[in-house]
Amino acid sequence: MKRILVTPRSLSAGTHSGLTRLEDLGFTLVRPTPGAMPSEADLLAAIPDCCGWIAGVEPVSSHVISAATSLQVISRNGSGVDNLPMDALNERGISVKRALAANANGVAELALAMMLSGFRHIPLNSDGILAGDWPRHMGREISGSTIGVVGLGAIGRLVVEKFLALRANVIGFDPFATPKEFSGSTAFSQSDTLDSLVAQCDGITLHVPSADAPLLDRKTFDLAKSGSVIVNTARAGLIDPAAMLNALQTGKISTYCTDVFDTEPPELTPLLKHERCIRTSHIGGLTHDSVDRITRATVDNLLDGLQVSCA
C-alpha cells in the first residue's frame, strides 16, 4: 500500500509543500499523533501497512520494526539515528536515510543565542524584573572571550564561524576533523585533548553524537575556568547531571544551557530547576528555514529509497 508514516512533531500537525508532493504522487500520509511524540503503542498500530516512514526523534523499538511488515525505508528528518534499532533494521534490509546538515544553521544559531544569554544572564535579569526586583547581574562580552567548540562537523563549523565573526577566540576539539576553512584565522586553533580545551575556555558548546559515557563530568568541571558557560544542543547524555548541578551550586560553572533531554518532556530534576539552567524544548532545528530545508531533503531521501515504486 502507498502509505507513509509521518511522526516528526514539526510535520505531523500541519502540512508542508514537501508532504503535499507525496500526496500528489498518490501516497497517503499517516499521522498517528499530530504535533506530539508517538508512543510505542501508537507506532505499533500505525506501522504495519506503511511502506515508508518519515521519522523524528521518537524512540523506536525492535518490536516496532518487527511489526513493520511493508516497510522499505526510514527517512530521518535529521542526522541522528540514536533512536533507531539499527541492528533490527539491517537484519530486515530496511534502509535508513538521513537529512544531513539540513538543520545545522538553526542549531548553530541557537547555540550562539544560548551562549549570549548565559554570558549576559538574560533569564536571571528577566525573571528578577518579573518578580518585582531590579537585578543587574554583571555579564561579559563574547568579543575577546575564548569559546570552545567540541565537535567540528557541519554544525560545529557553523558555530565556529559565528563566534569568529563576533571576534571571539575559538578553540576546537575533534579527533576526526580539521576544518581547512579556518586554517588562515589566527583566532582559531584546535586542541589535542578535551581537558586542555575545557581549561582554557570561558564558554563551551557541544556538537557531537552520543557517547558511551558523559564527556563532561566532575573531573572535567574541576579543570574548567571558574564562571564558565556550558551549552548543550547535542545530546543530554554528554553531561553528567549530578556533576553539572554541583558545578552550578559551587559557581564553578556560571550557566548551563540545554536544548536536549533524556526524555521529552523531561522530568524537572534539581538540575533543570536550577535558576542558572537555561532550558529550551528541543527547538534547535525548529525554524521555518530549517523545517523547509529538512522536509525537502527528507522527502527526496524517502522517494530515492522507495524509487517511487511503493506497491
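**Reading helices and a buried serine**

Me: I see that H6 is mostly covered, with 12 of its 17 residues buried. Which residues in H6 are buried?

Reply: Keep in mind that this is a predicted model. The general idea: an α-helix has 3.6 residues a turn, so residues three or four places apart point the same way. In H6, the buried ones include Ala104, Val107, Ala108, Leu110, Ala111, Met114, Met115 and Phe119.

Me: What should the 17 residues of H6 span?

Reply: Go by 1.5 Å a residue, which means helix H6 (residues 104-120) should span 24 Å. Its end C-alpha atoms are 24 Å apart, so that agrees. Just after H6, histidine 121 has a positive phi of about 55°.

Me: How do the axes of H2 and H13 cross?

Reply: Two packed helices are described by the angle between their axes and the distance between the axes. Here, helix H2 (residues 17-24) and helix H13 (residues 288-306) have axes that come within 8 Å and cross at roughly 25°. Angles under 35 degrees count as roughly parallel, so H2 is roughly parallel to H13. On the H2 side, Ser17, Gly18, Leu19, Arg21 and Leu22 make the contact; on H13, Thr295, Arg296, Val299, Asp300, Leu302 and Leu303 do. Sorted by type, that's five nonpolar, three polar and three charged residues.

Me: And serine 75, is it buried or exposed?

Reply: Buried means under 20% relative accessible area, and serine 75 has 0%, so it is buried. You'll find serine 75 in strand S4 (residues 73-76). Its side chain reaches the backbone oxygen of threonine 298 at 2.7 Å. Among the other residues serine 75 touches are Trp53, Ile54, Lys97 and Leu302. Leu302 also takes part in the contact of H13 with H2.

Note on methods: Residues are numbered from 1 along each chain as its sequence is written. This is a predicted model: local features need pLDDT of at least 70, side-chain atom pairs count only at pLDDT 80 or more; totals for chains, interfaces and linings use all residues. Side-chain values use heavy atoms; hydrogens and water are left out. Helices (H or I, at least four residues) and strands (E, at least two) are DSSP runs, numbered from the N terminus. The expected span of a helix is 1.5 Å times one less than its number of residues. Buried means under 20% relative accessible area, exposed over 50%, partly exposed in between (1.4 Å probe, protein chains only). Axes are lines fitted to C-alpha atoms, for helices over the stretch in contact, and angles run from 0 to 180 degrees between N-to-C directions. Angles under 35 degrees count as roughly parallel, over 145 as roughly antiparallel, 65 to 115 as roughly perpendicular and the rest as oblique. Contact means heavy atoms within 4.5 Å. Ala, Val, Leu, Ile, Met, Phe, Trp, Tyr, Cys and Pro count as nonpolar, Asp, Glu, Lys and Arg as charged, and the others, Gly among them, as polar. A polar contact is a pair of N or O atoms within 3.5 Å; within protein, one must be able to donate a hydrogen and the other to accept it, and residues adjacent in sequence count only if both atoms are side-chain atoms.
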